[in-house]
Amino acid sequence: MKRILLFTVAALLAGNGLFAQARVESNEAIQPVVITWWHSNSGMAGKAADALVEGFNATIGTQKNIRVEAVYQGKANDVLTKAKGIWQSSVNTDLPDLVQLDAQAVLDIRDIPQLIPMETLAVNDGYDLSQILEAARLSVTYKQKMIGMPFNSSTIMLYYNKTAFEEAGIKTPPKTLTELADTAKALVKQDANHKVTRYGFANVPTTYELIVWLGQQHGLSYITDEENGHTGIPTKVLFDENGTMVTFLKQWKQLYASGAVENLTSDLNGAFASGRVAMIVASTSNLTTILNLVGDRFEVGVANFPMVNAEATGGVNVGGGALYALDNGSQHSEAAWQFVKYATQAEQQLAWHIATGYFPVNTGTYDLPSFQEHMKNNPLYGVAIEQLMQSNPKLQGLWIPSSYQIYYAFQSGILKMLSEDKSPEETSKALAAEIDGYLADYLRMQ
């Protein structure tokens, strides 16, 4: 009897031990895979990013045992600086699983060994990339491979003071730079001392605008060889030999001669919202911000980005930023892809668009009844989308070394043409020589 009792107790203890072990293993098994996402979204975009993460964690994340943690790392350049500092070291474990970067960061990330191309993750999952807008896909394609997932995508368009237009008897926004000059001149206001109190237009062209003003010519043109850096590292500029810069500068000089243009290089949103200028060109992502800044001071209108001339039919390019997957040794890339896939679903892209002004990158969004209802109630948001749909998808942003130097080279070179009355031809040659010099220096160091 005693022997039976001892056997029973031993069996119970062993069973309890097995149960305890199973419970520990079960607890370990339910720990979620944690995905870290570094981003630069603040304000309304920050709230939208948080909502996106919360939505994923409560649905797909719960189903697949994945949790995304979004970490705001400052402005886009701050995100790059922090991530770059890690991938250039030997401690890749500190890298996030996903990082959101703007177009300026592509040169830094596109060739690093830690990059996991989004196209690779998509193909492994059987994901159909054709559901992503072609222009958006190409905006993050390098050497025929989509290396990131377009996310906070935007284009450039014209913002105008519709109330001022009506007061001046102007019925339609300008479609070309010649029309822009005439319209701007009609919108200028002066005080009793002939001091300008309202300019018709404000801008100093930089890389951002010139990608389009040069690229839309001849159906499609590039600033540099290698398709603006999308097929390899650029070696020279093309704008001087194909004449696109001279064509633009002639139009710009005439526009400036109208006396209606302010050479403003910062806070264009504020200048427009205050009524200091009647027209600006800016990103589609600025629409929600501009509407909030203007309030009820006047009615805001938006229109297509003005063409250089009637023959320039190339349209606009996709700007903004994208999500990139990084290998930090965690083997979590497939889990990270699940969040990327969720963030670019048709419904999520609609919510992101409404909250931020960035256009949806998923083609399915445009078929949603809720999207069509949104466009009906908010027609201003549809202008840039229609403009993009009519553009050449191969017109792409500029991926170029020394990008900040080149940005300011364009800006200062054009200002010098205006202040010193230099010819468009002379200015084009000077810009080509300066930028080719930067490219040669970079290639020499490689």
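The structure is a predicted model. The chain has 446 residues, 50% of which are buried, and its secondary structure consists of 20 helices and 15 strands. Its largest nonpolar core holds 134 residues.

**Whole chain**

- Taken along the principal axes, the C-alpha atoms fill a box of roughly 115 × 55 × 40 Å.
- Among contacts with a separation of 6 or more, 77% join residues 24 or more positions apart.
- The accessible surface is about 20400 Å², and carbon and sulfur atoms contribute 52% of that surface.
- There are 44 negative and 32 positive side chains. The centres of these two sets lie 3 Å apart.

**The largest nonpolar core**

- In soluble globular proteins, nonpolar side chains tend to be buried together.
- Six of the 134 core residues touch the most other members: Met 118, Tyr 159, Phe 201, Phe 239, Phe 248 and Tyr 324.
- Helix 15, which spans residues 333–343, gives the most to this core, with 7 residues.
- Leaving aside neighbours within four places in sequence, Met 118 is in contact with Leu 98, Met 146, Ile 147, Gly 148, Met 149, Leu 323, Tyr 324, Ala 325, Trp 337 and Val 340. One of these partners, Tyr 324, is itself listed with Met 118 among the core residues that touch the most other members.

**Helix 14 (residues 287–294)**

- The buried residues of helix 14 are Leu 287, Thr 288, Ile 290 and Val 294.
- These residues lie on the same side of helix 14 because they cover an arc of only 165 degrees around the axis.
- Gly 295 follows helix 14 and has a positive phi, near 60 degrees.

**Helix 16 (residues 346–356)**

- Ala 346, Gln 348, Gln 349, Leu 350, Trp 352, His 353 and Thr 356 are buried in helix 16.
- Just after helix 16 comes Gly 357, with a positive phi of about 95 degrees.

- His 374 has its place in helix 17, residues 369–377. It counts as buried because its relative accessible area is 11%, under the 20% cut-off.
- Not counting residues up to four places away in sequence, His 374 touches His 353, Ile 354 and Tyr 381. Of these, His 353 is one of the buried residues of helix 16.
- Gln 100 is in strand 3, residues 98–102. With a relative accessible area of 1%, Gln 100 is buried.
- Beyond its neighbours within four places in sequence, Gln 100 is in contact with Trp 37, Trp 38, His 39, Ser 40, Asn 41, Val 79, Phe 151, Asn 152, Ala 322 and Leu 323.
- Gln 100 and Ala 48 are 52 residues apart along the chain, and their C-alpha atoms are separated by 14 Å.
- Asn 328 sits in the loop between strand 15 (319–326) and helix 15. Although in a loop, Asn 328 is buried, at 9% relative accessible area.
- Again leaving aside neighbours within four places in sequence, Asn 328 is in contact with Asn 92, Thr 93, Leu 95, Pro 96 and Asp 97.

- Most residues other than glycine have a negative phi.
- Asn 65 is not a glycine, yet has a positive phi of about 60 degrees. Asn 65 is found in the loop between helix 3 (60–64) and strand 2 (66–72).
- The relative accessible area of Asn 65 is 28%, so this residue is partly exposed.
- Glu 226 is also not a glycine and has a positive phi of about 55 degrees. Its place is in helix 11, residues 225–229.
- Glu 226 counts as partly exposed because its relative accessibility is 32%, which falls between the cut-offs of 20% and 50%.

Technical notes
Residues numbered from 1 in each chain as written. Predicted model: local features only at pLDDT ≥ 70, side-chain atom pairs only at ≥ 80, totals over all residues. Heavy atoms only, no water. Core = buried A, V, L, I, M, F, W, Y, C linked by side-chain atoms within 4.5 Å. Buried < 20%, exposed > 50% of the residue type's maximum accessible area, 1.4 Å probe, protein only. Helix = DSSP H or I, 4+ residues; strand = E, 2+ residues; numbered from the N terminus. Contact = heavy atoms within 4.5 Å. Areas by Shrake-Rupley, 256 points an atom, 1.4 Å probe, with all protein chains shown as cover. Lys, Arg positive; Asp, Glu negative; His and termini not counted. Charge placed at Lys NZ, Arg CZ, Asp CG, Glu CD. Arc of directions from axis to C-beta.
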